[in-house]
Amino acid sequence: MTEGLTDGMTVLSRNAFETASALNVSAQSAVESLLSVPARTFAELLAQYAPEGTGRETLVAGLCAGDPARSRASMDKKVRDWLNGRYQPTAREDLLELCFILRLSVEEADAFLSAASEEGLHWRDPKELTYAFALQRNMCYPEAASLYARVLPQEAPAGPGARDVYTPAIRSEAARLETEADLKHYLEGAADRLGVFHNRAYRQLLDFLSLLEKPRAVSVDQEESFTVRRIVETYLDSRFPSSWDKKKLDEKRRGILAGWPDESTLSRMKNGKTDVNRKTLILLFLATDGGEEITDDWREDVYWDETDEETDSDADFRSSYLRLNQMLASCGYRMLDPRSPFDWVCIYCLRIGSDPESMEGLSERLSEMLDALFAAFPAETG
């Protein structure tokens, strides 16, 4: 059933995928399996993407070179914490700086950023477009930062940029830039088409919300419209008491809850006031089963043999898994990673078929999984 879906995965990732996608696993057993999945460490990412021989000294020296005001002792402690697994670099600027320190190509930087965060290079973001230009020319991080200060238009527009402009078009145009003057002229001329928000993700969010705002009714008399509040309460309940101190959770449970959308966040996303995050898009996919069928061009890129003898459950899982990854890739986000706690839960939830005639909130499987995950953390009482 999983043939082709785990191609290119490491042994650890393949094992995590197989436990997440196993049939007939109770929520409690799933929690135990999830908690046993080894977290991906920064040291692993470094071994995968950094040039051979890159170690602590290389990173410390690079960070100090990036800002002379930094304390070497402080940077050394920071890097040791990264490598020892105490925590991982997550700030976008830190990750971008590491791309320069590791001397990554644009393609390598895109893969590294995707593995270390939710997304690869965002070409519609003027800063990341400029950094990609700098990486192509083997600049160091201070040179890239200086370049950005020189080429950024004096009155750069704020907000999402033109909503009908997508990353592939901008990336194709940026690939033709050759000089700093070309880059500066391009950023000035394309200012109204650039932005830090993800336009394709925004369009996908609106599509999902349009389905959830008008749930399928049993009869005309029972038709009703859902508000954003009703959508959050019905489909996006995190199952976690708001009064509980999340700092008391372990790292995996905190990671699952991090960035979980509430009514205010979803409203701001819908109104274009804040960017659509990957987690919200995935949760809405689960609530709607993606809203559409897998496209033929995606099938061609992934193993798919229609002569295989698959059960309906297998076929539903394969379809949902491929469609979810297709959506994430098209929006510029990292595809599902079975060693990410939240993604593991999503893969687990995809393993059951969906009922196209009814959308009653997040699947029963997800609700049960969240209940099992947080059963040991009741709300505090006064």
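A salt bridge is counted here where a side-chain nitrogen of Lys or Arg lies within 4 Å of a carboxyl oxygen of Asp or Glu. In this predicted model, Arg56, Asp76 and Arg80 are linked in a network of such salt bridges, and by this rule the count for the structure comes to 21 salt bridges.

**Salt bridges between and within elements**

| Pair | N to O distance | Relative accessibility |
|---|---|---|
| Glu44 and Arg339 | 3.0 Å | Glu44 31%; Arg339 6% |
| Glu128 and Arg92 | 2.8 Å | Glu128 5%; Arg92 22% |
| Lys184 and Glu188 | 3.6 Å | Lys184 30%; Glu188 42% |

The side chains of Glu44 and Arg339 meet in a salt bridge, and this pair links distant parts of the chain, with Glu44 in helix α3 (residues 42-49) and Arg339 in the loop between α18 (312-330) and α19 (341-350), 295 residues apart. Glu44 is partly exposed at 31%, whereas Arg339, at 6%, counts as buried, because buried means under 20% relative accessible area.

Glu128 and Arg92 likewise meet through their side chains in a salt bridge; Glu128 belongs to helix α8 (residues 126-136) and Arg92 to helix α6 (residues 92-101), so the pair ties together parts that are 36 residues apart in sequence.

Lys184 is partly exposed at 30%, and Glu188 is partly exposed at 42%.

**Nonpolar cores**

The largest nonpolar core holds 61 residues, of which Leu281, Tyr321, Trp344, Val345, Met369 and Leu373 touch the most other members. Helix α19 supplies the largest share of this core, with eight residues. When residues up to four places away in sequence are not counted, Tyr321 touches Leu5, Met9, Phe17, Leu336, Ile347 and Leu350. Apart from this core lies another, made up of 47 residues, among them Val79, Leu95, Ile101 and Ala174.

Notes: Residues are numbered from 1 along each chain as its sequence is written. This is a predicted model: local features need pLDDT of at least 70, side-chain atom pairs count only at pLDDT 80 or more; totals for chains, interfaces and linings use all residues. Side-chain values use heavy atoms; hydrogens and water are left out. Helices (H or I, at least four residues) and strands (E, at least two) are DSSP runs, numbered from the N terminus. Buried means under 20% relative accessible area, exposed over 50%, partly exposed in between (1.4 Å probe, protein chains only). A nonpolar core is a set of buried Ala, Val, Leu, Ile, Met, Phe, Trp, Tyr and Cys residues joined through side-chain atoms within 4.5 Å. Contact means heavy atoms within 4.5 Å.
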